[in-house]
Amino acid sequence: MDYRAPRWLPGGHLQTIYPATMIAKPVVSMRRERWDAPDGDFIDVDFLDGQPGKPLVVLFHGLEGSSDSHYARELMAYAAELGWSGAIPHFRGCSGELNRGPRFYHSGDAGELDWILRRLKDTPATLAAGRLYAVGVSLGGNALLRWLGESQQAAGFVDAACAVSAPLDLAGGGAALSSGLNMIYTRVFLQTLKPKCLQKLDQFPGLFDRARMLAARNLYEFDNVVTAPLHGYRDTDDYWHRASARHVLNDITVRTLVLNAQNDPFLPARHLPQQASPAVRLEYPREGGHVGFATGAAPGANSWLPRRIVRFLEGDDAQAG
């Protein structure tokens, strides 16, 4: 099921931006639950109710994403076609309401994923089907891989996993997003992150340096002021090194697909790891952009990615390796 970009959509930038902004998203009926977190905070989880006995697929979204992201809607729409159940946990502050605690979320948030996945494995849909699949996209993909690698055999209640366009080397990706045309993505992220930070300072005055946060011009500077210190890292360099999924790919025991396009503007091909455990399939198509993978004649469709994910989860591929 090799990916080939349509001729009318050339280059990593177009293959990233067009699928996210120009292709209509499917309508998916979901219901929301609010879960109390172990530390007294909360998260919102959007559920797709499927047919009894069918798998449950959980999707962890990317930086500033949500259940409304194009890839989330596409995967849940395809899951609905198959009769599957679905769940999209929102990282803290990403469901439309600011979280209560003095933290946000980050690329190495394995502890957050652990309690969410353990609760999901005991939901009626999972218990009835006996199959739980986990998917992570971009930041959510890196966090999922971190959890899989850190948990090793303890992650075995997840039957299969897939990470799409994960920033496997955070330093390499961060450097790429801090220069040239890639700054357009950085500006989009900071346009939503900074207002959330101002609200967080209203909740917790002095939590971090307001002036330095507002002055941040890229993710390196932002993470140095906000993300790293709020989540137990010394600084950006410490965070980007310790949270990168590339360090744990050899420790993963759950059957896992790592799917990254070589022309992804968020992570240049030279930073893509070439080795992983036998349970991991590294799949690096030449094209696709960042969570793009559009196909067909113009105006195109975003149907290839959910089908690729499901095909792997269901074990229809050759052995990982």
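Q: Leaving aside its neighbours within four places in sequence, which residues is Trp-147 in contact with?
A: Trp-147 is in contact with Ala-110, Leu-113, Asp-114, Leu-117, Ala-155, Phe-157 and Val-158. Contact means heavy atoms within 4.5 Å.

Q: What kind of model is this, and how are residues numbered?
A: This is a predicted model, in which local features need pLDDT of at least 70 and side-chain atom pairs count only at pLDDT 80 or more, while totals for chains, interfaces and linings use all residues. Residues are numbered from 1 along each chain as its sequence is written, and side-chain values use heavy atoms, with hydrogens and water left out.

Q: Back to the core: which residues have the most contacts inside the largest nonpolar core?
A: Those are Val-58, Leu-145, Trp-147, Leu-148, Leu-168 and Val-226, in a core of 65 residues. A second, separate core has 32 residues, including Tyr-3, Leu-59, Ala-72 and Val-291. A nonpolar core is a set of buried Ala, Val, Leu, Ile, Met, Phe, Trp, Tyr and Cys residues joined through side-chain atoms within 4.5 Å. Buried means under 20% relative accessible area, exposed means over 50%, and partly exposed lies in between (1.4 Å probe, protein chains only).

Q: And how much of the protein chain is buried?
A: Buried residues make up 59% of the 321 residues.

Q: How many helices and strands are there?
A: The protein chain has eleven helices and eight strands. Helices (H or I, at least four residues) and strands (E, at least two) are DSSP runs, numbered from the N terminus.

Q: Which residues of α1 are buried?
A: In helix α1 (residues 12-21), the buried residues are Gly-12, Gln-15, Thr-16, Tyr-18 and Pro-19. Their cover includes α2 (70-82) and α7 (183-203).
Q: Why would residues three or four places apart point the same way?
A: An α-helix has 3.6 residues a turn, so residues at that spacing point the same way.

Q: Changing topic, what is the phi of Phe-293?
A: Phe-293 is not a glycine, yet its phi is positive, at about 60 degrees. Phe-293 is found in the loop between β8 and α11, and it counts as buried at 0% relative accessibility.
Q: What about Gln-152: where is it placed?
A: Gln-152 is in the loop between α5 (139-151) and β6 (160-164). Its phi is also a positive value in a residue other than glycine, near 50 degrees. Gln-152 counts as partly exposed, at 37% relative accessibility.

Q: Where is the cis peptide bond?
A: The bond from Ala-298 to Pro-299 is cis, with omega near 10 degrees. Pro-299 is in the loop between β8 (280-283) and α11 (304-313).

Q: How many aromatic pairs are there?
A: The count comes to 14 aromatic pairs. In one of them, the rings of Tyr-233 and Tyr-239 have centres 5.0 Å apart and planes at 45 degrees, so the pair is tilted. Rings of Phe, Tyr and Trp (its six-membered ring) pair if their centres lie within 6.5 Å; planes under 30 degrees apart count as stacked, over 60 as edge-to-face and the rest as tilted.
Q: Are those two tyrosines buried or exposed?
A: Tyr-233 is buried, at 11% relative accessible area, and Tyr-239 is buried, at 4%.
Q: Which residues do ring pairs link into a cluster?
A: Tyr-3, Phe-293 and Trp-304 are linked in this way.

Q: Which charged residue lies over the face of Trp-35?
A: Arg-119 does, at 4.1 Å from the ring centre. The charged end of Lys-200 sits over the ring of Phe-104, 5.2 Å from its centre. The rule requires NZ of Lys or CZ of Arg within 6 Å of the ring centre and within 35 degrees of the ring normal.
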